[in-house]
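Colleague: I am new to this structure and would like to learn how to read it. Could you walk me through it, feature by feature?

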Amino acid sequence: MLEGFGPILRKDLRLELRSGESTVALVSLSVLILVVMVLAFGPGGARRAEIAAGALWIALIFAGTLGAAQALLAERESGCIRGLLLSPVEPATIYAAKLTVSMIFMAEAGFAVLIMLVLFFNLEFGGGLLRLVPIFALGMLGLAALCTLLATVSGRVRAGAMLLPVLVVPLFTPALIAGSKASAAVLAGQPLGAVTTWLKLLFAFDVLFVTAGYLLFEHVILED
Amino acid sequence: MAEIVLQAQRISKFFGDRPVLNAITFAVSAGEAAVVVGRNGVGKSTLIKTLCGLTRPSAGRLLLFGREPTDLAGVQFRRIGVLLHQTLLYPNLSARENLEFYSEIFGIEQPAAHARRWLGQVGLERAAEEPVSALSRGMEQRLAIARAMLADPDLILLDEPFAALDADGAALVAALIRQALARDAAVVFTAHAPLEIAGVELGLFKLESTGLTPFDEGRRGALRSLLRRL
Amino acid sequence: MKRPASIVLAVASCLSMLGALFMVFVYVPTEADQGIVQRIFYFHLPCAWVAFLAFGMVAVAGALYLWLGHKIWDDLSYAAAELGMLFCTLVLITGSIWAKPIWGTWWTWDSRLTTTFILWLLYGGYLLLRAFADDTDEIARFAAVLGIVGVLDVPVVIISVRLWRTIHPAVLLTRQGEHGLQDPRMVATLLVSLGAFTILYVWLLWMRLTTLRLRTRLAGLRREAAILELVGAHR
């Protein structure tokens, strides 16, 4: 069922290791967004945890939408997606592989942003940062699931690359709400046990949209 | 009776309101070869894309190995090899890596050895480690043909395989086609001028905006002097 | 297309809407706490019902298009989206008009309005996609997938927004009226209004669908003409 997953994943990672384009673009973009937000809101203030959480999620959403589109766009360049379509590989497997690549890109951006957070907020969050990781992992999975499914719009429609965030962000709002609330709580010192409702919501979101993406991808990837 | 590998029944394709393919009826059996000749822009590429199941026809019916393309299990795609205008090669991977990748996803055992063998078959051993973006057009074309044929498909569709090739390259491709026919594959390819392949009985067809028609025998005789021999 | 159906729908819609208007402005008693402005609720809620119904139709019609392939399902999906957007906008406007005299602000972030706003954004994305892209099979399929994903999202949005609002009780504004309909006349009026708006929606949907089907048919005729021209030119 998932035949071809390994080769596609390895191929994409190898390509990225060589050119590094996507990583550089994503990391720079997310760090820049974070910087802008910190400058806009000021690093101090009593509501630091909430601002930090919000800034993180905004940075990741915009970098993430870009990143997922990149993962798929690599194939568009030489029309290579057709090579995959004309092979025994099932479209759903292509989805799974692209989703994984997107997650890896987003994790890179997330990691860079977390490091910047530590620098800007002077390590005051301590354990809170570690507790952020599962929250972010769940959030990014949902974002990657949506973006990978809808990324084909970028190549096919006028102003498609701009349309992708417009489509994805409203769909992502439940996860955004859950993720930023949980992040704010955790950065304010609360344990993960206090945010289980939000975590459950994120998990349900992920299961729902990864499954939907897996089943629906074949309809968006076929040509006219 | 050889298996009818591909059957097109009154296939039409529109892009918007513009007709590109009009009521194409065409069939090819195992071990048969056909060339579709047409001027530039008449729809040869669209025809190949439609016949391999990549593009859905606006009307008509396509049967590959007796089944509709949507009914084909992924496995069946192993039996189809396609060369398109786009090379379907990853520019930042080497020639060898490209063939290895495709060997892997086509489920071929020992993909590395298989890739090396095909690099030899198309004369690209020395350029094996070069990234595809550094290859000349002719070398890229040969690699793309290797990509199309490496799974030993039963149906081979090639869009202008002889374009961009020098005499050696063309002879190589002709040899590959002969090899494929010898193992009972069906080969359909397009060209912008009529041609012949030595030792191969080639069905000649003409593609025009009004449809696909076979060259009749009388005209074929007159064309002999114009035919490019391979 | 079918004349009798559109006439029946038109008549039914006019009559039911007249009935609803009568009941809202004459029949139903004024609500004690909020006064006359509460009557807008009898338009506000039915519009919300239609907005969500239409969204469901967008997804179901889209799924049918993916399954069956007949263009009419795609046309239905698009028509439902356009009308859904219209009614969703009306929900937000009526909600705003209702909010101002009651709470003094044009907008409140209470859970229902917020959910409707997100629905509005989902509709907007769908319609932008359709507006930017050509009318091809590829795009129709993509739109269908978008619609399905959207409808799957709606329950999650509802849950998350509700949770979001309950965490900030200081800003929570209860909306009176939905669960506190004491007078049976109020319930009756609401039901009639719901019915009237649903019929209105169906009528408008029918008309819009007819237009889209004609457009599809026209495209088909143009293609036939192109072929005839081609064949004729080669004689």
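Colleague: Among contacts in chain B between residues at least 6 apart in sequence, what share joins residues at least 24 apart?

Modeller: That share is 70%. Two residues are in contact here if their C-beta atoms, placed from the backbone, lie within 7 Å. Before we go on, this is a predicted model, in which local features need pLDDT of at least 70, side-chain atom pairs count only at pLDDT 80 or more, and totals for chains, interfaces and linings use all residues. Residues are numbered from 1 along each chain as its sequence is written, while chains are lettered from A and ligands numbered from 1 in the order in which they are written.

Colleague: Thanks! How many helices and strands does chain B have?

Modeller: Chain B has six helices and eleven strands. Both are DSSP runs, numbered from the N terminus: helices are H or I with at least four residues, strands are E with at least two.

Colleague: Why is chain B said to be as compact as a globular protein of that length?

Modeller: Its radius of gyration, 17 Å, is close to the 17 Å that the globule rule gives for 230 residues, so chain B is as compact as a globular protein of that length. The radius is taken over C-alpha atoms, and the rule is 2.2 Å times the number of residues to the power 0.38. The C-alpha trace of chain B spans about 45 × 45 × 40 Å along its principal axes.

Colleague: Now the sheet, please. In what order do its six strands stand?

Modeller: First the general idea: strands of a sheet pair through backbone hydrogen bonds, either parallel or antiparallel. Two strands count as paired if DSSP finds at least two bridges between them. In chain B, the open sheet has the order β5-β6-β7-β3-β9-β10, with mixed pairing. Because β5 (80-83) and β10 (211-214) of chain B stand at the edges with a single partner strand each, one side of each is left without a neighbour in the sheet.

Colleague: Which strands pair with β3 of chain B?

Modeller: Strand β3 (residues 33-37) of chain B runs parallel to β7 (residues 186-191) of chain B, joined by five bridges. Across that pair, B:V36 stands opposite B:T190. Five bridges also join β3(B) to β9 (residues 202-208) of chain B, again in parallel, with B:G203 as the bridge partner of B:A34.

Colleague: And how do β9(B) and β10(B) pair, parallel or antiparallel?

Modeller: They are antiparallel, over four bridges, and B:L207 stands opposite B:L212. β9(B) and β10(B) form a hairpin with two residues between them.

Colleague: Which helix lies across β3, β6, β7 and β9 of chain B?

Modeller: That is α1 (residues 44-51) of chain B, running at about 160° to β7(B). Helix α4 (residues 137-149) of chain B also packs on the sheet, touching β5 and β6 of chain B, and its direction makes about 165° with that of β5(B). Axes are lines fitted to C-alpha atoms, for helices over the stretch in contact, and angles run from 0 to 180 degrees between N-to-C directions.

Colleague: Finally, how many residues do chains A and C bring to their contact?

Modeller: Chain A brings 29 residues and chain C brings 28 residues. On the side of chain A that touches chain C, the largest share, ten residues, comes from α8(A).
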